[in-house]
Amino acid sequence: MNWTEERVATLRKLWAEGLSASQIAKQLGGVTRNAVIGKVHRLGLAGRATPSRPAKRPVRPARPRVVSPTAPRLRPAVTAPTVAMPELEPVRFEDGNTASVLTLNESMCKFPIGDPGDVNFAFCGRGSWGGHPYCQDHARLAYQPSQAKKRRAAGAPDELRRMLRMAAG
Ligand SMILES: [Zn+2]
């Protein structure tokens, strides 16, 4: 079998791509693995590092990239808004009234706004959120440990419960 220029070119290319001598022999056809090795030596192509493995290498660098997209999600998105939580105004209805024990219903936020003894006291009245008795903003506020403690110290929840009991009865 002849080493035509074309076959030599193919040999050089495949060898450069990292194929083993037996793989190259198969690609060329009509030539043995030993003949390929012999030709490689004559062409001075030998000395390639780890001839049987380089084909697999390009797969590895991709692995860290698979992990990285999930990392930014760990940002503390929940804690950020609670620091600067604005004092929400109670919702005003079309008649200008705010939610009271009389108008409050199951689908409304029951977060008390203001002093329960004050004439301006009202409930938030926004749509309740995800099965909570509060809207999303107030649910966040209510379940924040430090805020909850403060409110308990002020006695507001007890007063609220008493008022809700009155409304129910
Ligand atoms: Zn609310």
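Predicted model: local features only at pLDDT ≥ 70, side-chain atom pairs only at ≥ 80, totals over all residues.

Colleague: Is Leu43 buried, exposed or partly exposed?

Modeller: Leu43 is partly exposed, because 13 other C-beta atoms lie within 10 Å, whereas a buried residue needs 20 or more.

Colleague: How far apart are Leu43 and Arg12 in sequence and in space?

Modeller: Leu43 and Arg12 are 31 residues apart in sequence, and their C-alpha atoms are 8.7 Å apart in space.

Colleague: Let me step back. What does the secondary structure of the protein come to?

Modeller: The protein has eight helices and two strands. From the N terminus on, the order of the elements is α-α-α-α-α-β-β-α-α-α.

Colleague: What share of the residues counts as buried?

Modeller: Of the 169 residues of the protein, 15% are buried. As for contacts between residues at least 6 apart in sequence, 43% of them join residues at least 24 apart.

Colleague: What is the mean pLDDT of the protein?

Modeller: The mean pLDDT is 77, and 68% of the residues reach 70 or more.

Colleague: Then let us turn to H1. At what angle do the axes of H1 and H2 cross?

Modeller: The axes of helix H1 (residues 5-16) and helix H2 (residues 21-28) cross at roughly 145 degrees and come within 10 Å. The crossing of H1 with H2 is right-handed.

Colleague: Which residues meet there?

Modeller: From H1 there are Arg7, Thr10, Leu11, Leu14 and Trp15, and they meet Ile24, Gln27 and Leu28 of H2. By class, this contact of H1 with H2 has five nonpolar, two polar and one charged residues.

Colleague: Which residues of H2 are buried?

Modeller: In H2 the buried residues are Ala21, Ile24 and Ala25. They lie on the same side of H2, because they cover an arc of only 105 degrees around the axis.

Colleague: What do the buried residues of H2 pack against?

Modeller: The buried residues of H2 pack against H1 and helix H3 (33-43).

Colleague: And what follows H2?

Modeller: Gly29 follows H2, and the phi of Gly29 is positive, near 75 degrees.

Colleague: A change of topic. Where is Thr98 found?

Modeller: Thr98 is in the loop between H5 and strand E1 (112-113). Thr98 counts as partly exposed because 19 other C-beta atoms lie within 10 Å, and the cut-off for a buried residue is 20 or more.

Colleague: Which residues is Thr98 in contact with, leaving aside its neighbours within four places in sequence?

Modeller: Thr98 is then in contact with Pro90, Val91, Arg92, Ala122 and Gly125. Thr98 and Phe123 are 25 residues apart in sequence, with 7.1 Å between their C-alpha atoms.

Colleague: Finally, where does Asp137 lie?

Modeller: Asp137 is in helix H6, residues 136-142. Asp137 is partly exposed, with 18 C-beta neighbours inside 10 Å. Asp137 and Phe111 are 26 residues apart along the chain, and their C-alpha atoms are separated by 9.9 Å.

Methods
Residues numbered from 1 in each chain as written. Axes fitted to C-alpha atoms, helices over the stretch in contact; angles between N-to-C directions. Helix = DSSP H or I, 4+ residues; strand = E, 2+ residues; numbered from the N terminus. Left-handed = near helix turned anticlockwise from the far one by under 90°. Contact = placed C-beta atoms within 7 Å. Nonpolar A, V, L, I, M, F, W, Y, C, P; charged D, E, K, R; others polar. Buried ≥ 20, exposed ≤ 12 C-beta atoms within 10 Å, placed from the backbone. pLDDT = per-residue confidence, 0-100. Arc of directions from axis to C-beta.
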